[in-house]
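Hi,

Here is the structure I promised to pass on. Have a look at it first, then read my notes below.

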Amino acid sequence: MDAPLRASVVVVGGGVSGLSAAWWLARSGVDVLVVDKGIVGWEASGRNGGGCTHYNSALFHEEQRLWPLMDELLGYPTEYRRERIIFATTEHHLHAYLRMGEEVGRHGYDWEALDGDEVRRRVPLAGDSALGGIHLKVGGHANPQRTVQAYAWAIQDLGGRILQHTPVVRLVARGGKVTGVETAAGLIECDHVVVTAGPQSGRLLATVGVRLPVAVARAEMIVTEPLPLMPHGGVDGNGLYGRQTLRGNLAYGGGPHEWIDLPADGAPLSRPTSPLAAHLARRLAELLPKAAHVRVIRSWAGLIENTPDGRPVIDRLSSPENLTVCTMSAVGFGLSPATGHAIRDLVVDGRCSFTDLDKYRLDRFDAVPDGWAADKGWVAAARAAAA
């Protein structure tokens, strides 16, 4: 940049939560600029299972209201498909999934219990190991890459700006307010900052004295050769999450986190590993044995941040009072339409218009000790071995 840029609101982090926030702000006529250290949606936001069924979230009702509207609202396809089938190959999982269905029902949404035969009828790739499950008539899945692209184009259509390949080094504060962000290319001045930088959020907030405890993990997924389309593309089970793409590929993830130490320069550590890919492939073959013959053609990895209690932080702080923080603790994609709406409300109106966000306040971690991640065992393998 030859001269400092300025925007009314700077969104730091071009993942799906930041993009949704910027889109909602641009829809309200706010001069908004998204700044990302790389390409928007390049990490976990574009590399996930695409699920849109977060029934435990305070944002769930808004998530379900918005997803069927998103293609029209954005003006670009997200490939959203409604409904989801979750089935079990063990009695333990079956009881858990039935409880999940009952919880969704208590929220006022329709669901159906399935026996093994009905699972095999609705999920042709399932086998004799299917004991039963649930069919949720709510939720669903979308294409993460398409969705990220749709958000980005829609932001620009509304006059918002996106600055890629521009790492933010620190936040700049003066007189109790954030006045801008210092990037590798220079200063960007602003009236309000929204930090949605995923694993890097804690480091950036620390530059203005704000503590956000997060541990960083690498999540991986595999993609198979295409298969004939099933009646329902959203199928989960055996500890896996994922979907069948419209081309027929199976895209699945889920399993043990690889806890990592974030590099000092924030560079992504998104290279997948063969052992975890093989682990995913084995469990996918157990879930869908009639797909066991297909080859895995690629794998993905993305970094995700995890808070001590596993819940998001969505909060407009009191000090600095023009700083809004959002970290979704690994559930960002599906909730993104609702999360962006909530952030827009916090920035523009000072409060969320459609749900109570108190349980997502940052100050709930004030008493969490600095060594909390080690106490949980959430540390990189090399560091754990050294200890």
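Here is what I found, starting with the ground rules.

This is a predicted model, so to speak of local features we need pLDDT of at least 70, side-chain atom pairs count only at pLDDT 80 or more, and totals for chains, interfaces and linings use all residues. Residues are numbered from 1 along each chain as its sequence is written, and side-chain values use heavy atoms, with hydrogens and water left out.

First, the overall picture. The chain has 11 helices and 17 strands (DSSP runs, H or I of at least four residues for helices and E of at least two for strands, numbered from the N terminus). Its radius of gyration is 21 Å, close to the 21 Å the globule rule gives for 387 residues, so the chain is as compact as a globular protein of that length. That radius is taken over C-alpha atoms, and the rule is 2.2 Å times the number of residues to the power 0.38. The C-alpha atoms fill a box of roughly 65 × 50 × 40 Å along the principal axes.

How much of the chain is buried? Of the 387 residues, 57% count as buried (under 20% relative accessible area, with a 1.4 Å probe and protein chains only).

Now zoom in on the aromatics. There are 8 aromatic pairs (ring centres of Phe, Tyr or Trp, using the six-membered ring of Trp, within 6.5 Å; planes over 60 degrees apart are edge-to-face, under 30 stacked, the rest tilted). Trp 23 and Trp 24 make an edge-to-face pair, 5.3 Å centre to centre with 70° between the planes. Trp 23 is buried at 1% relative accessible area, and Trp 24 is buried at 7%. Together with Tyr 151, Trp 23 and Trp 24 form one aromatic cluster.

Cheers

Notes: Buried < 20%, exposed > 50% of the residue type's maximum accessible area, 1.4 Å probe, protein only.
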